[in-house]
Amino acid sequence: MKKQYVKKHKIEINLEVYDSVSELPQDIQKLMNKAQQAREDAYAPYSRFKVGAALTLHSGEIIIGNNQENAAFPSGLCAERVAIFHAGATHPKTNIKVMAITARSLQRELTSPIPPCGACRQAIAEYEIKQESPIAIYFMGETGKVAKAASIADLLPLLFNKSYL
Ligand code: THU
């Protein structure tokens, strides 16, 4: 038999799933609430898909973001990046502890967790690497289960980082 030189490498990611917002720890419920409020203020006339994000800094302060769309579609930005860049711009030296994300479609009810897009994962990872401590991510749709990743690294295995530059 021909020798096999291909090595298989299995990557495991870890998530926790809560049945609903009411199962979350109190402080995270409060944070998810802020994300829900922010979501309603999203400017999403084109996709009619509203996303809200809220993050807690180590100081306890909460920073929010929501998606901001544009008639020139690629000029808009996702909620998660609005929030994390907002934190980076206004609190450059304060670590980020946790981010809560929620999405609501004006077309249909989103009942399962909606994870952040790839570009947002990459952007969040930059700050996790910079601060050298994990950022936990909780994400949900409009209703239903809430998923938790203890670190953005769990949502973006094999991420591109500054060590490659
Ligand atoms: N969107 C977010 O805000 N976050 C994501 O992670 C995925 C998508 C926004 C972008 C756009 O305004 C709308 O949702 C539909 O893609």
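How far is an oxygen atom of the ligand from an N or O atom in the side chain of N67? The distance is 2.9 Å, a polar contact (a pair of N or O atoms within 3.5 Å).

Some ground rules. This is a predicted model, where local features need pLDDT of at least 70, side-chain atom pairs count only at pLDDT 80 or more, and totals for chains, interfaces and linings use all residues. Residues are numbered from 1 along each chain as its sequence is written, and side-chain values use heavy atoms, with hydrogens and water left out.

E80 has a polar side-chain atom 2.8 Å from a ligand nitrogen. The protein buries 74% of the 370 Å² that the ligand exposes when taken alone; these accessible areas come from the Shrake-Rupley method with a 1.4 Å probe.

Now the shell. The residues around the ligand include S47, F49, V51, P116 and C117, where near means a heavy atom within 4 Å. The shell splits into six nonpolar, two polar and two charged residues. For this count, Cys and Pro are nonpolar, Glu is charged.

Last stop: salt bridges. Side chains of opposite charge can pair when their charged atoms come close. The whole structure has three salt bridges, each a side-chain nitrogen of Lys or Arg within 4 Å of a carboxyl oxygen of Asp or Glu. One joins K145 and D19, with the closest N and O atoms 3.1 Å apart. These partners sit 126 residues apart, so to speak in distant parts of the chain.

Conventions: Polar contact = N/O pair within 3.5 Å; in protein donor to acceptor, adjacent residues only side chain to side chain. Helix = DSSP H or I, 4+ residues; strand = E, 2+ residues; numbered from the N terminus.
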